[in-house]
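This note is meant for a colleague who is meeting the structure for the first time. The points below may be read alongside the sequence and the model.

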Amino acid sequence: MFTKDLPAVREFQRTYISKTLGIQPTAWKDIALLAGYEKAPELRKLPASHAISLLHVYETLEYLYEKRKDLFQGTPLEEFQRARKYFA
């Protein structure tokens, strides 16, 4: 196994990239949901760069939903919250 495949290294990389982008390490699930996730195809799809920018500003999916419902085109917040279960 290569060093880069170790869980601790992957977590360090995720944390480093999150810090560099100015987002919370836990935001990656929400970025995937906003950008489109194959197990939840009904959810709104944004470019990943746009999702990252939005979560940089609003920090959480819930706060983003509260302030910018126009982005979600009528999709209830609960659908996004339920879809998080796909990310164990």
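Leaving aside its neighbours within four places in sequence, which residues is Asp30 in contact with? The first point takes up this question, and the later points turn to the rest of the model.

1. Asp30. The model discussed here is a predicted one. Apart from neighbours within four places in sequence, Asp30 is in contact with Leu55, Leu61 and Arg84. Asp30 has its place in helix 2. With a relative accessible area of 6%, Asp30 falls under the 20% limit and is therefore buried. Its side chain makes a polar contact with the side chain of Arg84, at 2.9 Å. Asp30 and Ile52 stand 22 residues apart in sequence, and their C-alpha atoms are 9.1 Å apart in space.

2. Overall organisation. The protein has five helices and zero strands, and along the sequence the pattern reads α-α-α-α-α. Of the 88 residues in the protein, 28% are buried. Among contacts with a separation of 6 or more, 44% are accounted for by residues 24 or more positions apart. The protein exposes about 6000 Å², and carbon and sulfur atoms supply 56% of that area.

3. The nonpolar core. The largest nonpolar core has 21 residues, and those with the most contacts inside it are Leu34, Leu64, Phe72 and Phe80. Two or more residues of this core come from each of helix 2 (28-35), helix 3 (48-58), helix 4 (61-67) and helix 5 (77-83). Helix 3 gives the most, with five residues.

4. Leu34. What does Leu34 touch, not counting residues up to four places away in sequence? Its contacts are Arg44, Lys45, Leu46, Ala51, Leu55, Leu61, Leu64, Phe72 and Phe80. Among these, Leu64, Phe72 and Phe80 are also named, with Leu34 itself, as the residues with the most contacts inside the largest core.

5. The two sides of helix 3. Ala51, Ile52, Leu54, Leu55 and Tyr58 are the buried residues of helix 3. Viewed down the helix axis, the buried residues of helix 3 fall within an arc of 165 degrees, so they line one face of the helix. Ser49 and Val57, on the other side of helix 3, are exposed.

6. Glu59. Where does Glu59 lie? Glu59 is found in the loop between helix 3 and helix 4, just after helix 3. Most residues other than glycine have a negative phi. Glu59 is not a glycine, yet it has a positive phi of about 70 degrees. At 48% relative accessibility, Glu59 counts as partly exposed.

7. Aromatic pairs. How many aromatic pairs does the count give? The count comes to three. In one of them, the rings of Tyr58 and Tyr63 have centres 6.0 Å apart and planes at 55 degrees, so this pair is tilted. Tyr58 counts as buried at 18% relative accessibility, whereas Tyr63, at 38%, counts as partly exposed. The rings of Phe72 and Phe80 form another pair, with centres 5.2 Å apart; their planes stand at 85 degrees, so the pair is edge-to-face. Why is the label edge-to-face? The angle between the planes is 85 degrees, and edge-to-face applies because that angle is over 60.

8. The aromatic cluster. Ring pairs link Tyr65, Phe72 and Phe80 into a cluster. Phe72 is buried, at 2% relative accessibility, and Phe80 is likewise buried, at 0%. Phe72 and Phe80 are also among the residues with the most contacts inside the largest nonpolar core, and both are touched by Leu34.

Technical notes
Residues numbered from 1 in each chain as written. Predicted model: local features only at pLDDT ≥ 70, side-chain atom pairs only at ≥ 80, totals over all residues. Heavy atoms only, no water. Phe/Tyr/Trp six-rings, centres within 6.5 Å; stacked < 30°, edge-to-face > 60°. Buried < 20%, exposed > 50% of the residue type's maximum accessible area, 1.4 Å probe, protein only. Core = buried A, V, L, I, M, F, W, Y, C linked by side-chain atoms within 4.5 Å. Helix = DSSP H or I, 4+ residues; strand = E, 2+ residues; numbered from the N terminus. Contact = heavy atoms within 4.5 Å. Arc of directions from axis to C-beta. Polar contact = N/O pair within 3.5 Å; in protein donor to acceptor, adjacent residues only side chain to side chain. Areas by Shrake-Rupley, 256 points an atom, 1.4 Å probe, with all protein chains shown as cover.
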